[in-house]
Amino acid sequence: MPTLVIYNPACGDRTAAQFFSTHVLPLLHSAAIAPAAVHATTHPGHAAALVAAQLDADPAPLTVVLGSGDGTLHEIIEALTNTPPAAVRAAAAFQLAFALVPCGTANALYAALFPPAPADDPTEYRLRSLRALLAAPAAPARPLALALTTLVPPPRAAAPAHTAVSAVVASTALHASILADSEALRASDPSLARFHTAAAQNIARWYAAAATLLPLRASGAVERWDPAARAFAPHPHGTPTVDVPGPFAYFLSVVNVDRLEPAFRIAPAARVDPPRGAALDVVIVRPRRDPAVELDSDETRAAFAEKLKAVLGAAYQDGAHLLLRYAEDGSLTTEGDGPLVVEYVRCGGWEWEPDAIDDKAHLVCADGDIHEIPKGGKATCNAVAPKDENSGFAVYV
């Protein structure tokens, strides 16, 4: 199996080039692995083009040692999914296995596959996926499920539907707004702090939309997390699909991961109770579940924003946000049997139909890329798995 080495020197703290020359390339050399090529990316889309060119020349199974964040990984996966090289199309299949070297800002997929611990040696921690590659076939690559989000135009629209591909997160509402606004802050603040700044700009916003949760293929139902049992159970709605009316404060789904930052475990059950087959873990916060919300006003939204901050803060406490409930007066508690603040479900997909007058509700985030639902249209997201063990994407773990 040929091996391609690609690193993004501009991502994260810009240390990828030094880390690869000091640690990654010597480790490959010591294991007698001679890469087909070693590339430093120079522009957006470069990594995807390099992988596509390799597969076009030789559509055999390929290993990519990738030094980047989630963005460059997403770029490769989306390009090969939506516009595969001619040789891949002719073969009707491909197998691409990644040895990830985290060099980005959040490194969500890597942190989920290799949960960090305080005692970790920083250098050795970053080499864990690469060492798993060197241990193969004792440690075969783990297949990745994907989330395919199709932006559907309104009926009779001239524009075709567009599909965004995710290996980590597909979201709308607050998370999509944060990602959209944080891009404007990247040049002045490349750190994670820019996400907190963007969150403060959007935390009091509500999003006018209607959502429908689609059933899992494995069970034919939508499942809801029971924090007391620490397990998923069939949704009490009792039908294959579940309609979820808005407005929304938060609507986010993940695939392959339980966290979006090393400590931000927004969907902890993805690791505690892993899905069987392709599935999305969806985290929803709806203001009208709050007993204190009666009228929609600036004051009500500001008060609810403080509760949403508490929810997101608790996600940094090993997923404690899933334990939060509403007391009778709307205050947050972890006692009693009041309504759960966070609706946490596992499903096969979702549909999101934004209100035409709410521009922010039309934003969809797919692994950091921001897309816009056409006015009068909707987004449909579905989880998919590789058709067999010899196709699709995988990561050495």
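Student: Which residue takes a positive phi in the hairpin of β10 and β11?
Tutor: The model is predicted, with residues numbered from 1 along each chain as its sequence is written, and local features need pLDDT of at least 70 while side-chain atom pairs count only at pLDDT 80 or more. Totals for chains, interfaces and linings use all residues, and side-chain values use heavy atoms, with hydrogens and water left out. Strands (E, at least two residues) and helices (H or I, at least four) are DSSP runs numbered from the N terminus. The hairpin has 4 residues between its strands, and the phi near 55° belongs to R230.

Student: In β11, which residue is the bridge partner of R224?
Tutor: Strands pair if DSSP finds at least two bridges between them. β10 (residues 223-226) and β11 (residues 231-234) run antiparallel and are joined by 4 bridges. In β11, the partner of R224 is A233.

Student: Which strands stand at the edges of the sheet of 8 strands?
Tutor: This open sheet has antiparallel pairing and the order β11-β10-β17-β14-β13-β8-β19-β20. The twist averages 25° from one strand to the next. Each edge strand has a single partner, so one side of each is left without a neighbour in the sheet; the two are β11 and β20 (369-372).

Student: In β14, what is the bridge partner of F251?
Tutor: β13 (residues 250-254) and β14 (residues 280-285) run antiparallel and pair over 5 bridges. In β14, F251 has as its partner I284.

Student: At about what angle does helix α8 run to β19?
Tutor: Axes are lines fitted to C-alpha atoms, for helices over the stretch in contact (heavy atoms within 4.5 Å). Angles run from 0 to 180 degrees between N-to-C directions. Helix α8 (residues 173-185) lies across β8 (169-172), β13, β19 (363-366) and β20, and its angle to β19 is about 75°.

Student: What are the edge strands of the sheet of 6 strands?
Tutor: This open sheet has mixed pairing, in the order β2-β1-β3-β4-β22-β5. Each edge strand pairs on one side only: they are β2 (37-40) and β5 (142-143).

Student: Helix α1 packs on that sheet; about what angle does its direction make with that of β1?
Tutor: β1 (residues 3-7) pairs with β3 (residues 62-68) in the parallel sense over 5 bridges. Helix α1 (residues 16-30) touches β1, β2, β3 and β4 (95-102), and its direction makes with that of β1 an angle of about 160°.

Student: What volume does the second largest pocket have?
Tutor: On a 1 Å grid over the protein atoms alone, a pocket is an open set of points where a 1.4 Å probe fits, with protein on both sides within 12 Å along at least five of seven lines. Lining residues have an atom within 4 Å of a point; here there are 21, and R142, N256, A270, P274 and P275 lie nearest the centre. Points are joined across faces, edges and corners, and a volume is the space filled by probe spheres set on the points. For this pocket, that is about 450 Å³.

Student: How many disulfides does the structure hold?
Tutor: A disulfide is a pair of cysteine sulfur atoms within 2.5 Å. For C103, the nearest cysteine sulfur, that of C11, is 5.3 Å away. For C365, the nearest is that of C381, 11 Å away. The number of disulfides is 0.

Student: Is C103 buried or exposed?
Tutor: Buried means under 20% relative accessible area, exposed over 50%, and partly exposed in between (1.4 Å probe, protein chains only). C103 has a relative accessible area of 4%, so C103 is buried.
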